[in-house]
Amino acid sequence: QVIKCKAAVLWEANKPFSIEEVEVAPPKQHEVRIKIMATGICRSDDHVITGELVMPFPIILGHEAAGVVESVGQGVTSVKPGDKVIPLFIPQCGECKSCLNTKGNLCRKNDIGAHSGLMPDGTSRFTCKGKAVHHFLGTSTFTEYTVVHESAVAKIDSAAPLEKVCLIGCGFSTGYGAALQTAKVEPGSTCAVFGLGGVGLSVIIGCKVAGASRIIAVDINSDKFAKAKELGATDCINPKDFNKPIHEVLMEMTDASVDYSFEVIGRTDTMTAALSCCQYNYGVSVIVGVPPAAQKVTFDPMLLFTGRTWKGCVFGGWKSKDAVPKLVADYMKKKFVLDPLITHTLPWTKINEGFDLLRTGK
């Protein structure tokens, strides 16, 4: 059966979302249709609105969510109707080079590089006013119902509160994994985190769980410092308070350098600052924020020649289908908190107000 429901459709860049009635086609072979119960707003969604992340229009955005399986297509074995699930914007097909390698997590079936805005078979499951509407990262969660490929959905604990664990679909896992999986932060180390949005705060949680002894939080919005300290930051600094480059400030604070640095903003200048402030020989700097389209980084190669490691990570380095159920289980065992990451809870028809809150740093 085709389901008619409400969705927030983005018809073109730099315009508000429009709440529309859409038709959601039934799942095809190896596909799953999900009733979305809760979704988070992420800066990556906003990058599409502003044109920094180029995607085809019209599109249904959203990629950080939790819901309940409504129906499954032929051949689906990992979930069944009624299961609580989290859609995965990084799928895990289990067959490509990245999936088969223990070190990899960026499944080749992802839609981050291709930006096709379509299901793996090259078609859409959404129609609005007679027009096909594009999918976003194979998830599209700003809708009451969505369709995902079986490789892009994880079954989770039926007791999990969906309005909290939806954050494990992107923001929390991305930051937490950047510290634990990608950087592999060690006990007693010093870390610097640039950018204190939901993902940056999740990096702080990860650094603390890993046993870092000093976690320096960096943001130009000092209103974010109280929350950062609550979650484990030992120092908070605002680059606007200094007349010198922020990497120099950090080096003075830490006897020449930090062990690990994280750029969780998506700006090229802060990426090079984060690289510069980490230890010249064994420091590790991780790019977590989505880089802006059509921008290049210029830096002194001596920064790397002496031994620093510069790396990136998508979805915190986690193999999505394997890791998400375990992260939900860890949350249920109180290994980490999610409540402080939730600033507002809105009815989803107020999605445009939600994005205004994001843009004003609230």
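Is Lys35 buried, exposed or partly exposed, and what is its relative accessible area? Lys35 is partly exposed, with a relative accessible area of 37%; buried means under 20%, exposed over 50% and partly exposed in between, with a 1.4 Å probe and protein chains only.

The model is predicted, so local features need pLDDT of at least 70 and side-chain atom pairs pLDDT 80 or more, while totals for chains, interfaces and linings use all residues. Residues are numbered from 1 along each chain as its sequence is written, and side-chain values use heavy atoms, without hydrogens and water.

Lys35 lies in strand 3 (residues 31-39). Strands (E, at least two residues) and helices (H or I, at least four) are DSSP runs numbered from the N terminus. Leaving aside neighbours within four places in sequence, Lys35 is in contact (heavy atoms within 4.5 Å) with residues including Glu70 and Glu144.

Two nonpolar cores can be set side by side. Such a core is a set of buried Ala, Val, Leu, Ile, Met, Phe, Trp, Tyr and Cys residues joined through side-chain atoms within 4.5 Å.

| Core | Residues in the core | Members include |
|---|---|---|
| Largest nonpolar core | 84 residues | Ile168, Val185, Ile204 and Phe262 |
| Second, separate core | 13 residues | Phe194, Ile216, Ala274 and Cys278 |

In the largest core, the four residues named touch the most other members. Helix 5 (residues 198-209) supplies the largest share of this core, six residues. Among the residues that Phe262 touches, not counting those up to four places away in sequence, are Ala178, Val203 and Val288.
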